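Please read the following points beside the sequence and the model. They take up charged pairs and then the ligand.

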Amino acid sequence: MSKNKIIIGNWKMNPSTQKEAEKLFVDITKSIFGVQKTEIVICPPFLYLEKLRSASRRTKKISLGAQNVFYEEAGPYTGEISASMLEDLGIKYVIVGHSKRRELGETGLDINKKIKASLSAGLVPILCVGETVRDESHSYFNLVKTQLEECLDGVKKDLISKIIIAYEPIWAISSTPNHKDATPADCEEMSLFIKKILVDKFGVKIKIPRIIYGGDVNEKNVQDFLKDGGVEGVLVGRVSLDAVKFMEIIKICEALSQ
Ligand code: PGA
């Protein structure tokens, strides 16, 4: 497991204007002076990517990611954006299979095609998996297993390590009504399970990809997840819109990366 951590900020459909997006980005970049080891990725809405790319080139410490991608290369796909378009813009990462997109009807097959298209274009897919509820019969393990098997079907063994897998239990995500706190133990158990599924599917010789955690990560719980959750990074939603708190998370990650 790499000692250096990765922090991914998922801005979702925020903020409302490009001006606010630029301000938030600049506020984050201003405060990361001295951060050497932590990999930082910001995933703003598509529309802001181009403007923020210029700002990110100046600091070189923050990479940009998209929150979605379409799987075809080109054609009459009104409203869609291809992986090669993102790559051409200098984007490195792309979130695929976020629970909010699955809720809108995205299937395992769609996600599988998005992962393959992203890998072919040289992007790093951040594949989100996670159960809606935890039941006493532990069927959530089967659900995550099915998600992984569907989404990674036919992906070449040697490309598996290029993917980042984000375990995001939906019941712990901040926007889920009455969400509950996941514990580092919940996270560690699932991280081990994900590794087992990958080895079962792709063989013992594969290089295990990075596994990260997402679900109401904040400046108070991040240390515990990174120390005891069996993960190499975090995917931060709500708190990534607060430059001060996001910076605190980065500092904690940096201290653990030393
Ligand atoms: P949250 O979002 O940190 O606000 O819970 C995480 C996510 O949905 O990716």
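1. Lys30 counts as exposed, with a relative accessibility of 62%, where exposed means over 50% relative accessible area, buried means under 20%, and partly exposed lies in between (1.4 Å probe, protein chains only). Its partner in a salt bridge is Asp27, with the closest N and O atoms 3.9 Å apart; a salt bridge here is a side-chain nitrogen of Lys or Arg within 4 Å of a carboxyl oxygen of Asp or Glu. Asp27, at 23% relative accessibility, counts as partly exposed. Because Lys30 and Asp27 are three residues apart in helix 1 (residues 18-30), about one helical turn separates them; helices (H or I, at least four residues) and strands (E, at least two) are DSSP runs numbered from the N terminus.

2. A note on the basis of these values: this is a predicted model, in which local features need pLDDT of at least 70 and side-chain atom pairs count only at pLDDT 80 or more, while totals for chains, interfaces and linings use all residues. Residues are numbered from 1 along each chain as its sequence is written, and side-chain values use heavy atoms, with hydrogens and water left out.

3. The whole structure contains 14 salt bridges. One of them joins Glu106 and Lys114, whose closest N and O atoms are 2.5 Å apart, and both Glu106 and Lys114 are buried.

4. Another salt bridge pairs Arg134 with Glu189, the closest N and O atoms being 3.6 Å apart. Arg134 lies in the loop between strand 5 (124-129) and helix 6 (139-151), and Glu189 lies in helix 7 (residues 184-202), so the pair ties together parts that are 55 residues apart in sequence. Arg134 is partly exposed at 25% relative accessible area, and Glu189 is partly exposed at 34%. These two residues also belong to a network of salt bridges that links Glu131, Arg134, Asp186 and Glu189.

5. Which residues are the closest to the ligand? Lys12, His98, Glu168, Ser174 and Asp216 are the closest of the 13 residues that surround the ligand, a residue being counted if one of its heavy atoms lies within 4 Å. A polar side-chain atom of Lys12 lies 2.7 Å from an oxygen atom of the ligand, and for a polar side-chain atom of His98 the distance to a ligand oxygen atom is 2.8 Å. Gly237 places a backbone N or O atom 2.8 Å from an oxygen atom of the ligand. The protein covers 99% of the 280 Å² of accessible area that the ligand has on its own, by the Shrake-Rupley method with a 1.4 Å probe.

How values were computed:
Polar contact = N/O pair within 3.5 Å; in protein donor to acceptor, adjacent residues only side chain to side chain.
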